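Dear colleague,

Please find below the structure that I am handing over to you. My findings follow it, with the criteria behind each term.

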Amino acid sequence: MAERAALEELVRLQGERVRGLKQQKASAEQIEEEVAKLLKLKAQLGPDEGKQKFVLKTPKGTRDYSPRQMAVREKVFDVIISCFKRHGAEVIDTPVFELKVNDRRILDGMFAICGVPDSKFRTICSSVDKLDKVSWEEVKNEMVGEKGLAPEVADHIGDYVQQHGGISLVEQLLQDPELSQNKQALEGLGDLKLLFEYLTLFGIADKISFDLSLARGLDYYTGVIYEAVLLQTPVQAGEEPLGVGSVAAGGRYDGLVGMFDPKGRKVPCVGLSIGVERIFSIVEQRLEATEEKVRTTETQVLVASAQKKLLEERLKLVSELWNAGIKAELLYKKNPKLLNQLQYCEEAGIPLVAIIGEQELKDGVIKLRSVASREEVDVPREDLVEEIKRRTSQPFCIC
C-alpha cells in the first residue's frame, strides 16, 4: 500500500510538471518527453479496481419520479391546462379548494384608520398574513412585542382581520363608519362588490371567501389579491389530514410591468402561480389511502392469442392497430399463456384485450374482451378499430 501511495504521488507531481510546461509554452520536444515519463509512471501504477466503481446519482436540485408519480403529474397538469384553455389562455412554455380574496387597498385603508404608522404598514401586513397558520393571539403578540405596535391599535386591527364572508361582508364594510371614509378602502370594496356580482352570475360565489386576513406579502400588488386553499374535508378511510395550505396564489399588479417600459406606460396585469408539487402530494396520498390503481401507460388494448403458434398473427394485428392510431401492446413472448396475458392487462390497467384464436381467424373476427367486466364479444376484423375507439373514448381520471 505504501509503495502504491508513493507511485500515486509521483504521478501527481509529474502531471503538475506537464501542465506547468504547457502553461509556460515550453517546446514540443520537452513536453513530449515529460508526457512519456508520466505515461510510464501510470503504467507502473496499473489499474485501481476501487476507482473503477461509480454510482449514478440524481443531479443536485432534481429528483426522479416513478411511473406512478409521473401519471399523477400528467393528469394534474392536464386539468390545469384544460381549465386555462377553456377560458382562452394560450400556452407559453382535484380535491376541493376554496378561493380567498381581498384587496391591498382595503388592507392599507384598514391599517390607516386603525392607527398603524405608514412606516409599519408592510411589516404589520406580514404579521396579518400568518393568521391562516397561527392564532390571533400569536399574531397580536408579534405585532406588539416584536414590532412595537400599540396594543389598542392591534386590537382594532383584530376586529377587522378576523372577519370573512361573501358579498354581505363587502356590503357591511361599505357601511362601516370608519372604513367607508377612507378613499383607498372604498375603492377596493367597490371593486370587490363588482367581483362578487360577476361571481354570482357565474354561479360560483359560494366557492369564494372574502377574507380580511389575506395579505400577500409582496409590495407590487395594487388591487385584488387571492389564494386557493385546500379545504380540510372529512378524512376518508386510511387518509391522514393534510396541512398543505395554499396551493395557488396571485393578484393584480398594475405598476410592475410599467417599470420596465421606457415610456413608463401603465400596464394592468393579473397573475397567478400554482403550487403543483403540493397538489401532487395531495393526489398521491389520496390514491394511496384508497388503494386506487394508477395507469402509467395509455395503452387501449392488448393483442393476445388463445393458442400457440400465433405470434405472426398477433404482430399483424398490432401493426394494423398502430397504423389506425390505436395505442396497443402485445407480450413479446412466442407463446404466452392466455391467463398471463389477461393478468398483465389487470396489473397494467389496460381496459381491453383483442384475442386471436384459430377459430377467430377462420371466421374473420376478433374476440374483444372487457378486462373490468370480463364480457367477450366477437367483432368483425374490419370493425375492430372503431369498436376500440368507441369503448375507450371516456377520459381516464385519477381524482
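Two strands are taken as paired if DSSP finds at least two bridges between them. Strands (E, at least two residues) and helices (H or I, at least four) are DSSP runs, numbered from the N terminus. The model is predicted, so local features need pLDDT of at least 70 and side-chain atom pairs count only at pLDDT 80 or more, while totals for chains, interfaces and linings use all residues. Residues are numbered from 1 along each chain as its sequence is written, and side-chain values use heavy atoms, with hydrogens and water left out.

The sheet

Five strands form an open sheet with mixed pairing, in the order β8-β7-β9-β10-β11. At its edges are β8 (328-329) and β11 (376-380), each of which pairs on one side only. Strands β7 (residues 301-305) and β9 (residues 352-356) run parallel and are joined by 5 bridges; V301 has L352 in β9 as its bridge partner. By contrast, β10 and β11 run antiparallel, also through 5 bridges, and L368 is partnered by V377 in β11. These two strands, β10 and β11, form a hairpin with 5 residues between them, and R374 in the turn has a positive phi of about 65 degrees.

Helices across the sheet

Contact means heavy atoms within 4.5 Å. Axes are lines fitted to C-alpha atoms, for helices over the stretch in contact, and angles run from 0 to 180 degrees between N-to-C directions. Helix α11 (residues 311-323) lies across β7, β8, β9 and β10 (365-370), at about 160 degrees to β7. Helix α14 (residues 384-391) lies across β7, β9, β10 and β11, at about 10 degrees to β10.

Salt bridges

The whole structure contains 21 salt bridges (a side-chain nitrogen of Lys or Arg within 4 Å of a carboxyl oxygen of Asp or Glu). One of them joins D191 and R105 at 2.7 Å, N to O. Because D191 lies in helix α9 (residues 183-202) and R105 in helix α4 (residues 104-114), the pair ties together parts that are 86 residues apart in sequence.

Yours sincerely
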